Amino acid sequence: MINKLYDNCFTTQWNTSVVKVVEENGMYWHACKDTIFYKEGGGMASDIGMINDHLVQDLKLEDGYMWHLLDEKLEGTVTMSVNLHERFRKCQIHTAQHLISALMQNVYKVKTLAHHVGDEENDVEFDLKDFNEKMAFELQVLCNGLIRDDLAVTIQYPTPSEAKKHVSGKDVNRDDLRVVRIGTLDYNLCGCMHVPSLRYLQMLYISGFEKTTKGYKIRYIVGDQLLDCTSKRYKVLDEVSQTLAVPHLYAVTGVHRVINENRQLNRDVLVWKQKYYEMLAKELIKDHSDVVVHCFDDIDARSLSMMAQYVVKNYHKNVVFAAKIYDNVHIVVASGDTASFDAKEVFAQFAEQYHLKGGGNRAMAQGGGIYKEGMFEEIHQKLAS
């Protein structure tokens, strides 16, 4: 269905009349004499806006009409209003895709496979065998050169015979042909909305590329989207720079400094943990003969396991350690070379009683589950008996 009101992206206010209304689940679908609302299609999202101060909840094409879903039934003459900022942003992105695809086809003789629009960046996939930084930079320079040249973006309605002169391999034997042209660079069948000339794209940035199973995906940001994205990223960079107390250009150096300092701190923590284990182990073995039993409330699962290994290795004692970690419990059982003490068997008893998950072998077994009030006392009593 051809709607020539889509030819001018700046037509965002329009008076029309309601011709049909259909109720559905307390909402009302309105068909109007004509519409400026664009429904999602061709890689471009739907317009958002109002009709007589009522938000348009949804759009659909049916029975030759564009239907607008509202929360109230309207009659007679109505005023349509489309969000210009959102539409302009979408038009910039879509026209930019046409520009990129046209240049890639003309320069590298490749086909466009797919186009994806995102909040912060978009991408176009091509059947490229190779793509690199040099090619990405050249593409960006070419795009921005043509934007400065301000090539016209025009909408045409050719006859099938006229379309065949420019388009091959596509069905043009129809009476609803609509073509979007960018100067003499591009001639493309398209039903979407576009900016009227390339200067409205303002500037285009190739933000990256990646290899895909079919070729290469080229990422880009353009126009208002580029300005919004730059503003957001600048704010983040500004916060990082202030936190690190370095200028923007030295932010990476500051980050590396923090990473190196963090690594050194982690190494220091390991050293002090080891000293803590040595000191604590000496205290624990004083009050235990064959089995060292202790319950912690200030240790993580990994440290608990390391502590058990240290006691077994240096004092050859059997160990049962438990730790309450938030609402969970972790239990480690280790054998100090005592033939009668099977760590796997002892842990299995606790696992059955307290519904723990885990396992191990005769030398060491461990696991965890939900902490149960009083379980530490029960563990002490069980081992004492």
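**View 1. Ser101 within helix α1.** S101 is found in helix α1, residues 84–108; helices here are DSSP runs of H or I with at least four residues, strands are runs of E with at least two, and both are numbered from the N terminus. The model is predicted, so local features need pLDDT of at least 70 and side-chain atom pairs count only at pLDDT 80 or more, while totals for chains, interfaces and linings use all residues. Residues are numbered from 1 along each chain as its sequence is written, and side-chain values use heavy atoms, with hydrogens and water left out. Is S101 buried or exposed? S101 counts as buried, because its relative accessibility is 7% (buried means under 20% relative accessible area, exposed over 50%, partly exposed in between, with a 1.4 Å probe and protein chains only). Setting aside neighbours within four places in sequence, S101 is in contact with T112, V124 and F126 (contact means heavy atoms within 4.5 Å).

**View 2. Helix α2 and its cover.** Helix α2 takes in residues 133–149. Among the buried residues of α2 are M135, L139, C143 and I147. The cover over the buried residues includes α1, β13 (204–211) and β14 (216–222).

**View 3. The seven-stranded open sheet.** Here 7 strands run in the order β4-β3-β7-β1-β2-β6-β5, with antiparallel pairing (two strands pair if DSSP finds at least two bridges between them). β4 (54–55) and β5 (58–62) stand at the edges with a single partner strand each, so one side of each lacks a neighbour in the sheet.

**View 4. Strand partners, residue by residue.** β1 (residues 13–24) and β2 (residues 27–32) pair over 6 bridges, and V18 stands opposite C32 in β2. The two strands form a hairpin with 2 residues between them, where N25 in the turn has a positive phi of about 50°. β2 also pairs with β6 (residues 65–70) over 4 bridges; look for H30 opposite H68 in β6. β3 (residues 49–51) and β7 (residues 77–82) share 3 bridges, with G49 opposite V82 in β7.

**View 5. A nonpolar surface patch.** V236, V240, V255 and I259 make a nonpolar patch of about 270 Å². The elements giving two or more residues to this patch are α4 (223–244) and α5 (251–286). Patch residues have over 30% relative accessible area and no salt bridge; like charges are joined within 9 Å, and nonpolar side chains (Val, Leu, Ile, Met, Phe, Trp, Tyr) within 5 Å. A salt bridge is a side-chain nitrogen of Lys or Arg within 4 Å of a carboxyl oxygen of Asp or Glu. Areas come from the Shrake-Rupley method with a 1.4 Å probe; for residues, only the protein chains shown count as cover. I259 lies in helix α5 and is partly exposed, at 35% relative accessible area.

How values were computed. The expected span of a helix is 1.5 Å times one less than its number of residues.
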